[in-house]
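Subject: A structure to look through

Hi there,

Here is the structure I promised to pass on to you. Have a look around it first, and then read on for what turned up.

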Amino acid sequence: TDWLNACAFSPDGSLVVTASADRTARVWNAENGTLLLVLEGHTSYVLGCAFSPNGKRIVTACDDRKACVWCTETGECQLIIEGEHTDMVICCCFSHDGKYILTSSLDKTTRLWNVTDGTLIKT
């Protein structure tokens with residue numbers, strides 16, 4: 001319900017995720033545009049979004065200095081990555097094997113995280 005900052009297709013092309021200034025990400029049916037899920041939990045603009053390689057998870061990046069990992073099927077927030085970036089997280093993605101997440105921030109860092117528990121691996 002506000003401007004969109006990012007969007008991405010799921011690996012199989014059946015879903016689209018959008019990141020919005022209304023503090024949500026939304027998951028849509030790519031074929032007919034039906035809204036399937038609203039991912040709520042960020043406290044500021046959602047700036048980035050990406051699907052995992054298997055399409056079962058979504059990662060979002062936010063102005064609140066956090067990244068969140070969501071279940072594509074239920075919309076449940078499975079992991080919150082926070083505490084290391086000192087400015088807004090503007091970009092995020094999964095590794096090709098789905099084991100890691102990269103986040104980039106206006107604090108001029110890119111950080112590598114373990115997707116299982118949110119452990120920081122490398123700055």
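Let's begin with a question: which residues does Pro11 touch, not counting residues up to four places away in sequence? They are Phe51, Ser52, Pro53, Asn54 and Gly55. Pro11 itself is found in the loop between β1 (4-9) and β2 (15-20). For a sense of distance, take Thr60, which is 49 residues from Pro11 along the chain: the two C-alpha atoms are separated by 16 Å. Please keep in mind throughout that this is a predicted model.

**The sheet from β1 to β4**

How are the strands of this sheet ordered? The order is β1-β2-β3-β4, in an open sheet of four strands with antiparallel pairing. β1 and β4 are the edge strands, and each of them pairs on one side only. From one strand to the next, the twist averages 20°. As background, strands of a sheet pair through backbone hydrogen bonds, either parallel or antiparallel.

You can follow one pairing in detail. Five bridges hold β1 and β2 together in the antiparallel sense, and Ala6 stands opposite Ala19 of β2.

Thr24 belongs to strand β3 (residues 24-29). Is Thr24 buried or exposed? Its relative accessibility is 5%, so Thr24 counts as buried. Leaving aside residues up to four places away in sequence, Thr24 touches Thr18, Ala19, Val38, Leu39, Glu40 and Val46. Its side chain also makes a polar contact of 3.4 Å with the side chain of Arg26.

**The sheet from β9 to β12**

There is another open sheet of four strands, in the order β9-β10-β11-β12, and its pairing is antiparallel. Its edges are β9 (89-94) and β12 (120-122); each has a single partner strand, so one side of each has no neighbour in the sheet. Here the twist averages 30° from one strand to the next.

Strand β10 (residues 100-105) is joined to β11 by five bridges, and the two run antiparallel. In this pairing, Ile101 stands opposite Trp113 of β11. β10 and β11 form a hairpin with four residues between them, and Lys108 in the turn has a positive phi of about 70°.

On to the next pair: strand β11 (residues 110-114) and β12 run antiparallel and are joined by two bridges. Leu112 stands opposite Lys122 in β12, while the bridge partner of Trp113 in β12 is Leu120. These two strands form a hairpin as well, with five residues between them, and Gly118 in the turn has a positive phi of about 80°.

**The aromatic pair**

How many aromatic pairs does a search of the whole structure find? It finds one. The rings belong to Trp3 and Tyr45; their centres are 5.2 Å apart and their planes stand at 55°, so the pair is tilted. The pair links distant parts of the chain, 42 residues apart: Trp3 is in the segment before β1, and Tyr45 is in the loop between β4 (35-40) and β5 (46-51). Trp3 counts as partly exposed at 46% relative accessibility, and Tyr45 counts as partly exposed at 36%.

**The cysteines**

Finally, how many disulfides are there? The count comes to zero. Cys92 is in no disulfide either: the nearest cysteine sulfur, that of Cys91, is 6.3 Å away. Cys68 counts as buried at 3% relative accessibility, and Cys92 is buried too, with a relative accessible area of 6%.

Enjoy exploring it, and write back with any questions!

Best wishes

Key:
Residues numbered from 1 in each chain as written. Heavy atoms only, no water. Contact = heavy atoms within 4.5 Å. Disulfide = S-S within 2.5 Å. Buried < 20%, exposed > 50% of the residue type's maximum accessible area, 1.4 Å probe, protein only. Pairing = 2+ DSSP bridges. Axes fitted to C-alpha atoms, helices over the stretch in contact; angles between N-to-C directions. Polar contact = N/O pair within 3.5 Å; in protein donor to acceptor, adjacent residues only side chain to side chain. Phe/Tyr/Trp six-rings, centres within 6.5 Å; stacked < 30°, edge-to-face > 60°.
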